[in-house]
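Thanks for coming. I will go through one structure today, contact by contact, and keep to what can be read from the atoms.

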Amino acid sequence: MKFWKSLVVVLILYICFFSIYVAIVLEKPLKIHKEIEVYIPKGASFYTIASTFKDKGLIKDECVFIIAGKLLGIEKKARAGYYLITKDMTMLDILKKLLEGRIIEYKLTVIEGDSLYEIADKLAQINPEFKQALWNLATDPAFLSSMNIQAPSIEGYLFPSVYEISKGMNINEILTMMIKKFWQVYNEELRKQTEKMGWTVNEVVTLASIIEKEAKVEEEKPLISAVYHNRLRIGMPLQADPTAIYGVKRYKTGVTKKDLKNKSPYNTYIIKKLPPGPIACPGLKSIRAALYPAKVPYLYFVSKGDGTHEFSVDYQAHISAINMLRGNKSDE
């Protein structure tokens, strides 16, 4: 009986000492002199994860690391990717980071109206190699087919949103994520309306991209859409300024009379139809405007200079509106 009592006491003491030892090991600051990035591959077991950190010299007692990690269930929760380990961290901090899946990520913000040119520049800030890689994939027939895009390029199909780009992702994975977002937004309702109109998805997205570049006020998008629908119906050129400079220069630099003469398949001052593909990434409201134009007879609109437009039914009324607005400007 005394033997068993003594054994229990020894075990209790052992557990207490081991618990104290584990606490000390977990809370002891790492002895590293600079930040270290640790890559955990997809599907790695926790033993592999522990071994990786040990090889990097970040943990001394692999046994404690594995026991704590197993108890926390990290093996099932740790995300693949790069983890940044700083010199002020402890083993417990590493375990918490793995448990929360806090890998190195970058934010990519694509706003409504961004073109591939703006997106390429933004991607280059994450990784300079992404810029050329994007252009290599943008018009690749195999990639377009795999993404169910029937258009000259992926222009217009990288849906505006804020994306978390994990370090280690390649351009194919990034673009695929963005295009999948587009197809999630372009839902069954929108697809049915597209078919009802007798249009293709590419035609809708192309018109939506023009609306996105022209409209500054959300409420006017269905009106601007109506103008373009009405023009297409009678075979009248869309004469949308943004199309004249697509692929030539950035829209922010402005459009000149010389630009309107650019011999481009996208220039709607030259062609009497929609361009072959989108000129920017439209948001949902612009897509819906392209699919559900306002029921108005307008054929013209001119900027008032405050983000809104004056709409007209015929050319004479349009000229009168221009003269009126110019007169107002000269009086100011």
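Is Tyr186 buried or exposed? At 0% relative accessibility, Tyr186 counts as buried. The cut-offs are these: buried is under 20% relative accessible area, exposed is over 50%, and partly exposed is in between, with a 1.4 Å probe and protein chains only.

A word on the source. This is a predicted model, in which local features need pLDDT of at least 70 and side-chain atom pairs count only at pLDDT 80 or more, while totals for chains, interfaces and linings use all residues. Residues are numbered from 1 along each chain as its sequence is written, and side-chain values use heavy atoms, with hydrogens and water left out.

Now the aromatic rings. The structure holds 15 aromatic pairs. A pair here means rings of Phe, Tyr or Trp (the six-membered ring of Trp) with centres within 6.5 Å; planes under 30 degrees apart are stacked, over 60 edge-to-face, and the rest tilted. One of the pairs is Tyr117 with Tyr246, which is edge-to-face, with 6.1 Å from centre to centre and 75° between the planes. These two come from distant parts of the chain, 129 residues apart: Tyr117 is in helix H6 (residues 116-126), and Tyr246 is in the loop between helix H13 (241-244) and helix H14 (284-291). Helices and strands are DSSP runs numbered from the N terminus, a helix being H or I with at least four residues and a strand being E with at least two. Tyr117 counts as partly exposed because its relative accessibility is 28%, whereas Tyr246, at 14%, counts as buried.

Back to Tyr186. The ring centres of Trp183 and Tyr186 are 6.3 Å apart and the planes are at 70°, so this pair is edge-to-face. There is also an aromatic cluster, made up of Tyr117, Trp135, Tyr246 and Tyr266.

The charged end of Lys167 sits over the ring of Tyr82, 5.4 Å from the ring centre. For Arg231 over the ring of Tyr300, the distance is 5.0 Å. To qualify, NZ of Lys or CZ of Arg must be within 6 Å of the ring centre and within 35 degrees of the ring normal.

Next, salt bridges. Side chains of opposite charge can pair when their charged atoms come close. The cut-off used is a side-chain nitrogen of Lys or Arg within 4 Å of a carboxyl oxygen of Asp or Glu. How many salt bridges does the structure hold? The number is 10.

Lys131 and Asp121 form one of them, at 2.8 Å from N to O. Lys131 is in helix H7 (residues 129-138) and Asp121 in helix H6, 10 residues apart. Both ends are partly exposed, Lys131 with a relative accessible area of 35% and Asp121 with 25%.

Helix H10 takes part in two that I want to show. Arg191 and Glu188 both lie in H10 (residues 188-197), three residues apart, about one turn of the helix. Their closest N and O atoms are 3.5 Å apart. Arg288 and Glu189 also meet in a salt bridge, at 3.1 Å from N to O. Arg288 lies in helix H14 and Glu189 in helix H10, so this bridge ties together parts that are 99 residues apart in sequence. Arg288 is partly exposed at 32%, and Glu189 is partly exposed at 37%. Elsewhere, salt bridges with shared partners join Glu212, Glu218 and Lys221 into one network.

That brings us to helix H11. Why call H11 largely enclosed by the rest of the structure? Because 12 of its 14 residues are buried. Among them are Val204, Leu207, Ile210 and Glu212.

Cysteines next. The structure holds zero disulfides, with a disulfide taken as a pair of cysteine sulfur atoms within 2.5 Å. Cys63 counts as partly exposed, at 46% relative accessibility, and Cys281 as buried, at 0%.

Last, Lys87. Lys87 is found in the loop between strand E2 (81-85) and helix H5 (91-100), and counts as exposed at 52% relative accessibility. Leaving aside neighbours within four places in sequence, Lys87 is in contact (heavy atoms within 4.5 Å) with Leu30, Ile32 and His33.
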